[in-house]
Amino acid sequence: MDACLCSGQQPQSVDEAPRPPDEEGLQTDGSSGPPGDSNKIEPSLQSLQKFVPMNYASYTQEYYQFAGKRIVIQESIESYGAVVWPGAMALCQYLEEHAEELGLQGAKMLEIGAGPGLVSIVASILGAQVTATDLPDVLGNLQYNLLRNTLNHTAHLPEVKELVWGEGLEQNFPKSTCYYDYLLASDVVYHHYFLDKLLATMAYLCQPGTVLLWANKFRFSTDYEFLDKFKQVFDTTLLAEFQESSIKLFKGVLKWD
């Protein structure tokens, strides 16, 4: 999720960054695949590693099962943007169960507030061309999780891009070249002060034909206030509701004058 409560830390240097664990085919030297195959994969991996994970002390490895794959996510409770939240689980389940109906093979997707990357990973495994976005301080961990779970396992490697809600949208995501079939968002609405910028960002990234899939755990009155504003901007359909966890999943299509 786009954790608007930033840690305030600066990106670590490569020497200070945590070394990736030797797990799920991603070796401790940063390569992927079996140990004897490192020379083949390492150059392509290095070219993709633009960001370095923050040097959190509390990294843990969490395991998920979606789209027939065992997914390993590096998480840390030290950052809102390095934890898988309930809405992400609900959205992954929906993508998995409706992949054919949604036409995910080759679909262009952008995830707003990708956090540790579970939703983007599942979408990539299901065949989509994914751009995963978040704030600068979580991009290293996001990129690491994407690479460890998609390199050599998906038709399209996800792209990682910085996205600060409401800032530099025309410069960094020009409408002439950045068209998306789907926007994905999960648990991006909670008690923070950037909800208007979030809604403006959602609207900007949508073009005719773009479908927004937004899953969220509703915790506060401000969540429902955002939903009211969301409905003013998007034609909104409730796709699923998980009453036991207070999660709602919406489909939004931007209203055009």
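The model is predicted. Its chain has eight helices and nine strands. Of the 257 residues, 53% count as buried. Take the contacts in the chain with a separation of 6 or more: residues 24 or more positions apart account for 67% of them.

Now to one helix pair. Two packed helices are described by the angle between their axes and the distance between the axes. Here the partners are H7, residues 195-205, and H8, residues 221-233. The angle between them is about 30 degrees, and their axes are 11 Å apart. Angles under 35 degrees count as roughly parallel, so H7 is roughly parallel to H8. The crossing of H7 past H8 is right-handed.

Which residues of H7 and H8 meet? From H7 come Leu 195, Asp 196, Leu 198, Leu 199, Met 202 and Ala 203. From H8 come Thr 222, Phe 226, Lys 229, Phe 230 and Val 233. By class, this contact of H7 with H8 has eight nonpolar residues, one polar residue and two charged residues.

The aromatic rings come next. A pair of aromatic rings is described by the distance of the centres and the angle of the planes. The count comes to eleven aromatic pairs. Start with Tyr 56 and Tyr 59, whose ring centres lie 5.7 Å apart. Their planes stand at 55 degrees, so the pair is tilted. Planes over 60 degrees apart would be needed for edge-to-face. Are these two tyrosines buried or exposed? Tyr 56 has a relative accessible area of 6%, so Tyr 56 is buried. Tyr 59 is at 17% relative accessibility and also counts as buried. The cut-off for buried is under 20%.

Tyr 80 and Trp 85 form another pair, with ring centres 6.1 Å apart. Their planes are at 85 degrees, so this pair is edge-to-face. As for accessibility, Tyr 80 has 38% and counts as partly exposed. Trp 85, at 26%, counts as partly exposed too.

Ring pairs also build a cluster. Its members are Trp 214, Phe 218, Tyr 224, Phe 226, Phe 230, Phe 234 and Phe 250.

Methods
Residues are numbered from 1 along each chain as its sequence is written. This is a predicted model: local features need pLDDT of at least 70, side-chain atom pairs count only at pLDDT 80 or more; totals for chains, interfaces and linings use all residues. Side-chain values use heavy atoms; hydrogens and water are left out. Axes are lines fitted to C-alpha atoms, for helices over the stretch in contact, and angles run from 0 to 180 degrees between N-to-C directions. Helices (H or I, at least four residues) and strands (E, at least two) are DSSP runs, numbered from the N terminus. Angles under 35 degrees count as roughly parallel, over 145 as roughly antiparallel, 65 to 115 as roughly perpendicular and the rest as oblique. A crossing is left-handed if the near helix is turned anticlockwise from the far one by less than a right angle, and right-handed if clockwise. Contact means heavy atoms within 4.5 Å. Ala, Val, Leu, Ile, Met, Phe, Trp, Tyr, Cys and Pro count as nonpolar, Asp, Glu, Lys and Arg as charged, and the others, Gly among them, as polar. Rings of Phe, Tyr and Trp (its six-membered ring) pair if their centres lie within 6.5 Å; planes under 30 degrees apart count as stacked, over 60 as edge-to-face and the rest as tilted. Buried means under 20% relative accessible area, exposed over 50%, partly exposed in between (1.4 Å probe, protein chains only).
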